[in-house]
Amino acid sequence: MAYKFIDNYREKGARKKLVELLRERGIADEGVLKAIGKVPRHFFFDETFWNQAYKDIAFPIGDGQTISQPYTVAYQTELLHIQKGDKVLEIGTGSGYQTCILMELGAKVYTIERQPNIYNHTLKVLPGMGYKANFFLGDGSKGIEEHAPYAKIIVTAGAPFVPEILLKQLKIGGILVIPVGDEKSQKMITVIRINENDYDKIELDTFRFVPLVGDQAW
């Protein structure tokens, strides 16, 4: 992974092209597009693969995990309707790219990762880039109950069902975005907490994520 934080006209130009591509693909939230245009995605890649950083593709980061495709990051983020100051729980820190996008939008991020190697790496890289999230190592399928409730929850791995424990960590009016399905494909699900016991659920497009592993998942 890259530790040389070099961001010159070439990378900035590539980000601008990526933003235009995402706009063409239907991403309409200008705040999300601005965040994508600002966060240097190549910092999350080994320097050898910087030429891959601004392609609209997922890319391996080790331990069977990937940095998500920019379109997927933008799509999920748009569904969250982030407001400045929102307390957001991110399930699956991974590379930390999604974390940075959320923080660029003004979210206060609590992010949890189950893979120690990835957790330790991201814990070093993000502060070096100037992003100070609240990092946790553990089973994300159970959320982080001690810091609930959250205005928004984003799950960045495919789950077999919507974990009840995550729903209970949403504040009233809060939004959960989670891909649900089998290990080959998932439907993006948005859940809005209406009151103490009622939720609205909306099923959206099909994606393919790495599996969510844990007590309340695979």
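Which residues does Ile-27 touch, not counting those up to four places away in sequence? In this predicted model, the list is Leu-22, Val-32, Leu-33, Tyr-71, Ala-74, Tyr-75 and Glu-78.

Ile-27 belongs to the largest nonpolar core, which has 48 residues. Ile-27 is also among those with the most contacts inside this core. Helices α1 (9-24), α2 (30-38), α3 (70-80), α4 (97-104) and α5 (116-129) each supply at least two residues, and so do strands β1 (59-62) and β7 (170-181). Helix α3 gives the most, with six residues. There is also a second, separate core of 21 residues. Ile-91, Ile-144, Ile-178 and Val-180 are included in this second core.

Now look at a charged residue. Arg-15 lies in helix α1. Is Arg-15 buried or exposed? Arg-15 counts as buried because its relative accessibility is 3%, and the cut-off for buried is under 20%. Leaving out residues up to four places away in sequence, Arg-15 touches Asp-7, Ile-36, Gly-37, Lys-38, Val-39, Pro-40, His-42 and Tyr-54.

Next come two features of the backbone. Most residues other than glycine have a negative phi, and most peptide bonds are trans. His-81 is found in the loop between α3 and β3 (87-91). At 48% relative accessibility, His-81 counts as partly exposed. The other feature is a cis peptide bond, which joins Ala-148 and Pro-149 with omega at about 5°. Pro-149 lies in the loop between β5 (134-137) and β6 (150-155).

Notes: Residues are numbered from 1 along each chain as its sequence is written. This is a predicted model: local features need pLDDT of at least 70, side-chain atom pairs count only at pLDDT 80 or more; totals for chains, interfaces and linings use all residues. Side-chain values use heavy atoms; hydrogens and water are left out. A nonpolar core is a set of buried Ala, Val, Leu, Ile, Met, Phe, Trp, Tyr and Cys residues joined through side-chain atoms within 4.5 Å. Buried means under 20% relative accessible area, exposed over 50%, partly exposed in between (1.4 Å probe, protein chains only). Helices (H or I, at least four residues) and strands (E, at least two) are DSSP runs, numbered from the N terminus. Contact means heavy atoms within 4.5 Å.
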